Amino acid sequence: MIVLGILGLFAGLGMDTSVSGGVGSTGRIVNIGLLGQQTSVLTVSGFLFMTGCMLIGFATVRDAVEALGAVIGAQAPRPIEQALYHTPQSSSEASDNFIPGMRTCPKCYAVAKEEATSCWRCRHAFEGMHHEVAQ
């Protein structure tokens with residue numbers, strides 16, 4: 001589209017918009033009809049050029065968002081599919097851990113690692129989390 005727009009701009013700017021003055025005239029006269037055609041060609045060419053530029057820009061932004069989304073998605077601690085299909089094995093797991101190795105904050109429902117002592121989102125302190133560090 002950009003190439004068509006540029007070619008149209010050259011064609012429009014190269015158009016002759018004047019006609020001969022007649023039998024007794026020595027000069028050329030500007031023709032309003034030809035000026036209208038030139039304006040139409042330049043307008044359509046400009047729209048083609050701008051549309052091509054916008055499509056390239058949108059494609060670039062889409063690719064950047066997809067790449068950034070993949071990076072963010074890889075770092076996000078939110079295994080939603082596992083939470084939907086995981087069946088708790090015991091009553092303690094049913095009350096606190098929907099996902100193996102993870103726990104849910106009772107205040108804001110954010111998912112955190114089981115070893116966490118406080119919620120990463122709301123800083124709520126988890127109760128009963130006195131794990132001893134193995135040496």
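How exposed is D63 in terms of relative accessible area? D63 is partly exposed, at 40%. Here buried means under 20% relative accessible area, exposed means over 50%, and partly exposed lies in between (1.4 Å probe, protein chains only).

## Basis of the model

This is a predicted model: local features need pLDDT of at least 70, side-chain atom pairs count only at pLDDT 80 or more, and totals for chains, interfaces and linings use all residues. Residues are numbered from 1 along each chain as its sequence is written, and side-chain values use heavy atoms, with hydrogens and water left out.

## Fold and surface

The chain holds four helices and four strands. Their order along the sequence is α-β-β-α-α-α-β-β. Both kinds of element are DSSP runs, numbered from the N terminus: helices are H or I with at least four residues, strands are E with at least two.

The chain has 135 residues, and 16% of them count as buried. Areas come from the Shrake-Rupley method with a 1.4 Å probe; for residues, only the protein chains shown count as cover.

Take the contacts between residues at least 6 apart in sequence: 26% of these join residues at least 24 apart. A contact means heavy atoms within 4.5 Å.

## Salt bridges

Side chains of opposite charge can pair when their charged atoms come close. A salt bridge is counted when a side-chain nitrogen of Lys or Arg lies within 4 Å of a carboxyl oxygen of Asp or Glu. The count is two.

One joins D16 and R28, at 3.0 Å from N to O. D16 sits in the loop between α1 (2-13) and β1 (18-20), and R28 in strand β2 (residues 28-30), so the pair ties together parts twelve residues apart in sequence. D16 is partly exposed, with 49% relative accessible area. R28 counts as exposed, at 51%.

The other joins D63 and R62, at 3.2 Å from N to O. R62 is partly exposed, at 47%.

## A nonpolar patch

V3, L4 and L7 form a nonpolar patch on the surface. Together they have about 310 Å² of accessible area. Patch residues need over 30% relative accessible area and no salt bridge; nonpolar side chains (Val, Leu, Ile, Met, Phe, Trp, Tyr) are joined within 5 Å, like charges within 9 Å.

L7 belongs to helix α1. L7 is exposed, with a relative accessible area of 51%.
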